[in-house]
Amino acid sequence: MAEARNVTRRPAHRNSALKVYFGTPGNTVVTLVCVAILAFAAKAAISWLLINAVFSGTPEDCKAGAGACWPYLAAKLRYMLFGIYPFDEQWRPFMATILFVVAMAISGIPRLWGRPLVVAWAALLPVLFLLMSGGTLGLAHVPTSQWGGLPLSFMLTFVGLICALPLGILLALARLSNLPAIRVLAITFIELVRGVPLISVLFMASVMLPLFMPDGMTFDKLLRAQVAIILFAAAYIAEIVRAGLQALPRGQTEAAQALGLHFWQYTYLITVPQALKTVIPPLVSLFIGFFQDTTLVVIVGLLDFLNTVRTAMRDPNWQGIAVLEGYLFAAVVYFVFSAIMGAYSRYLEKRFRVGHD
């Protein structure tokens, strides 16, 4: 009987789906126009990407072609990925990126969350820095001024946000504190940072900070950019976490206090975990935005992934020949990693049943 009911329901469901697109003359016209536009765009894209594309040859061959110039990507791929990092040593940022991505994938498994994972990251980060910087164990020293490309974008984004998350949680708790001095300091910092664009914070870290340092003392510009991103992201994370904390029923804290738990106990065990679970979507949106905003570090003289792509286009041999190809490659890379983070966000929402409690 159940199978018979399913059989009888399918045509009705199919008819209702068709009715959405062709139920009225207006819907029919809109559907047909959209299909025609998509078909035209798909035909033009396939023609440019594959049919008329140049897959091997020289810049002169690309000039004569009417499609995409894929030899450009083959010639400039390593530069776009690793920037001005010494060519013979580019296996080091490659290995560091692989280790970092694998570690992030493992860290995304909820059942592995805990103190051992924190210890593993504390041990991994110095290894990654040693692999990139060198200067020991037979590795040639590479200054941070020569770091660039995709590894730099990953480091600035994920290391910055990992460090900004606990700071943002503390700022959110401070803003909700009953102590006026702590609350005023937290509000001042959050509103001041959120009231200016990221590029101004990076400019201050790069240009203004050295003016306040004693003579002869300076900080690495990569460190300055990383600290600026951490402080800027912490202010936005604080507001997101504060919204999650305020959305919790007061009965949660009252019950914890009735059980004899002090502030830090019920904050660590009850309120913050629930608040973080509630604000997973906006947190992931913030992470994606910061991953794309790392392009602003060019203001401090660092070449992230998008800026290495732009620099590669200025090669006199390829200048004016392959522009769209470079931006298309960058767009695909940003889209892939942003889509992965978005998919992981939906996975966490489903696992923790966000919005279904």
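This is a predicted model: local features need pLDDT of at least 70, side-chain atom pairs count only at pLDDT 80 or more; totals for chains, interfaces and linings use all residues.
Biologist: How many salt bridges does the count come to?

Modeller: Side chains of opposite charge can pair when their charged atoms come close. The rule used here asks for a side-chain nitrogen of Lys or Arg within 4 Å of a carboxyl oxygen of Asp or Glu. By this rule the count is 5.

Biologist: Which residue meets Asp 315 in a salt bridge, and where does that partner lie?

Modeller: The side chain of Asp 315 pairs with that of Lys 76, at 2.4 Å from N to O. Asp 315 sits in the loop between α14 (305-312) and α15 (324-352), and its partner is 239 residues apart from it, so the pair links distant parts of the chain. Both residues are buried. The partner is Lys 76, in helix α4 (residues 70-82).

Biologist: Which helices does the salt bridge between Glu 191 and Arg 175 tie together?

Modeller: The two side chains meet at 3.0 Å, N to O. Glu 191 and Arg 175 lie in separate elements, so their pair ties together parts that are 16 residues apart in sequence. The helices are α8 (residues 180-194) for Glu 191 and α7 (residues 149-175) for Arg 175.

Biologist: Which residues does the network around Arg 242 and Glu 239 join?

Modeller: Arg 242 and Glu 239 form a salt bridge, with their closest N and O atoms 2.8 Å apart. Both lie in helix α10 (residues 221-247), 3 residues apart, about one turn of the helix, and both are buried. Salt bridges that share partners make one network of Arg 175, Glu 191, Glu 239 and Arg 242.

Biologist: How many residues of α14 are buried, and what covers them?

Modeller: The buried residues of α14 are Phe 305, Leu 306, Asn 307, Thr 308, Val 309 and Ala 312. That makes the helix mostly covered, at 6 of its 8 residues. The cover includes α4, α7, β1 (303-304) and α15.

Biologist: How far apart are the end C-alpha atoms of residues 29-51 and of residues 326-344?

Modeller: An unreviewed UniProt entry lists both spans, among others, under "transmembrane region". In the model, residues 29-51 are 100% helix and 0% strand, and residues 326-344 are likewise 100% helix and 0% strand. The end-to-end separations are 31 Å for residues 29-51 and 27 Å for residues 326-344.

Biologist: Is Ser 177 buried or exposed, and which residues is it in contact with?

Modeller: Ser 177 lies in the loop between α7 and α8. Its relative accessibility is 17%, so Ser 177 counts as buried. Leaving aside neighbours within four places in sequence, its contacts are Ile 182 and Arg 183.

Biologist: Which residues is Glu 325 in contact with?

Modeller: Glu 325 is found in helix α15. At 4% relative accessibility, Glu 325 is under the 20% cut-off and therefore counts as buried. With neighbours within four places in sequence left aside, Glu 325 is in contact with Trp 48, Gly 67, Ala 68, Cys 69, Trp 70, Tyr 72 and Leu 73.

Definitions and conventions. Residues are numbered from 1 along each chain as its sequence is written. Side-chain values use heavy atoms; hydrogens and water are left out. Helices (H or I, at least four residues) and strands (E, at least two) are DSSP runs, numbered from the N terminus. Buried means under 20% relative accessible area, exposed over 50%, partly exposed in between (1.4 Å probe, protein chains only). Contact means heavy atoms within 4.5 Å. UniProt positions are given in the numbering used here, feature names are shortened, and annotations may be inferred rather than shown by experiment.
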